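Reader: I have a chain open here and want to talk through its fold. Can you put it up and start with whatever term we need for the strands?

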Amino acid sequence: MFLKLVAASALGAGIAGATGRTAFAAKVKMPPLPENVMTPDAALERLMAGNARYVAGQSTPLNFSNDRAALVSGQNPYASILSCSDSRVGPEFCFDEQRGDLFVARVAGNYLTTDFVATLEYAAAVLHTPLIMVLDHESCGAVRAAIDSVDNNTQFPGHIQSMASALAPAVRAAATLPGERFENVVKMNVIRNVDKLRKQPPILSRLVAKGKVLVVGGVYSLKTGEVTLVA
């Protein structure tokens, strides 16, 4: 059933990419949020404009009643966010978006597993989401654990060690970079996961190559709320 959904959705994505929103609406069912049908570049521009509003204290007031009826029939978010689970970072808030706009997957350290790849594939292939952002932040506890694991061979209890081990390659990759080490590891973790997603077969690499999906990376400042693109 899932493969049928992917095939049907890929057909719809092809129509949208070739002829624009008008033809898309004429040939397939109108999406719940037509304004979310956009190119990857336009999606990134919108995402960053929302962050600028958030930083400036000009966020749009939340109104859950306006879109509730529309979203009963389905969803078509314009961006997917692979974010750290840190409670101080809320993607919908920091990009000033409403329900139905962002498809958010969260895990401490915002690193990739098979489950998260599948989640982002679903968003891209079935929901036609044109943008993926890997989002980390300052003072990431998962990154700190990874550094401690590499530097001091610290062993963490339970399954926490698997998280630290997953981020260890970013710690090693940042070893020769100039500048502040912790900040470099945060950036390198984002950059590595962006690269993995861009090359991820069979779905994401194909959509990236065709220009249907854009994968970028950002780092959130706890002090200002600003998201800086690093990949």
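Author: Pairing first: two strands pair if DSSP finds at least two bridges between them. In E2, the bridge partner of Ser83 is Arg106. Bear in mind that this is a predicted model.

Reader: Fine. How many bridges join E1 to E2, and in which sense do they run?

Author: There are 5 bridges between E1 and E2, and the two strands run parallel. E1 also pairs with strand E3 (residues 131-137), again in the parallel sense, over 4 bridges. On that side Ser80 has Ile132 of E3 as its bridge partner, and Leu82 stands opposite Val134 in E3.

Reader: Is E1 buried or exposed?

Author: Mostly covered: for strand E1 (residues 79-83), 5 of its 5 residues are buried.

Reader: Which way do its side chains point?

Author: Ala79, Ile81 and Ser83 point one way from E1, Ser80 and Leu82 point the other way, and all are buried. In a regular strand the side chains alternate between the two faces of the sheet.

Reader: Zoom out. What is the strand order in the sheet?

Author: The sheet is open, with 5 strands in the order E2-E1-E3-E4-E5 and mixed pairing. Its edge strands are E2 and strand E5 (227-229), each of which pairs on one side only. Direction ignored, neighbouring strands are turned by 30° against each other on average.

Reader: Which strands does helix H2 touch?

Author: Helix H2 (residues 40-55) packs on the sheet and touches E1, E2, E3, strand E4 (214-220) and E5. The direction of H2 makes about 35° with that of E3. Helix H5 (residues 114-125) packs on the sheet too, touching E1, E2 and E3, and its direction makes about 175° with that of E2.

Reader: And the overall tally? How many helices and strands?

Author: The protein chain has 9 helices and 5 strands. Of its 231 residues, 44% count as buried. Among contacts with a separation of 6 or more, 68% come from residues 24 or more positions apart.

Reader: Different topic. At what angle do H6 and H7 pack?

Author: Helix H6 (residues 141-152) and helix H7 (residues 160-173) pack at about 80°, with their axes 7 Å apart. That makes H6 roughly perpendicular to H7, because angles of 65 to 115 degrees count as such.

Reader: Which residues make the contact?

Author: From H6, Ala142, Val143, Ala145, Ala146, Ile147, Ser149 and Val150; from H7, Gln161, Met163, Ala164, Leu167, Ala168, Val171 and Arg172. By class, the contact has 11 nonpolar, 2 polar and 1 charged residues.

Reader: Why does Ser149 count as buried?

Author: Its relative accessibility is 12%, and buried means under 20%. Not counting residues up to four places away in sequence, Ser149 touches Thr154, Phe156, Gln161 and Ala164. Ser149 and Ser165 are 16 residues apart in sequence and 7.6 Å apart in space, C-alpha to C-alpha.

Reader: Last one, Gln98. Where does that residue lie?

Author: Gln98 lies in the loop between helix H4 (91-94) and strand E2 (102-106). Gln98 is buried, at a relative accessible area of 18%.

Reader: What is Gln98 in contact with?

Author: Leaving aside neighbours within four places in sequence, Gln98 is in contact with Thr60, Pro61, Leu62, Asn63 and Asp67. For Asn63, the backbone nitrogen lies 3.4 Å from a polar atom of the side chain of Gln98.

Definitions and conventions:
Residues numbered from 1 in each chain as written. Predicted model: local features only at pLDDT ≥ 70, side-chain atom pairs only at ≥ 80, totals over all residues. Heavy atoms only, no water. Axes fitted to C-alpha atoms, helices over the stretch in contact; angles between N-to-C directions. Parallel < 35°, antiparallel > 145°, perpendicular 65-115°, else oblique. Contact = heavy atoms within 4.5 Å. Nonpolar A, V, L, I, M, F, W, Y, C, P; charged D, E, K, R; others polar. Buried < 20%, exposed > 50% of the residue type's maximum accessible area, 1.4 Å probe, protein only. Polar contact = N/O pair within 3.5 Å; in protein donor to acceptor, adjacent residues only side chain to side chain.
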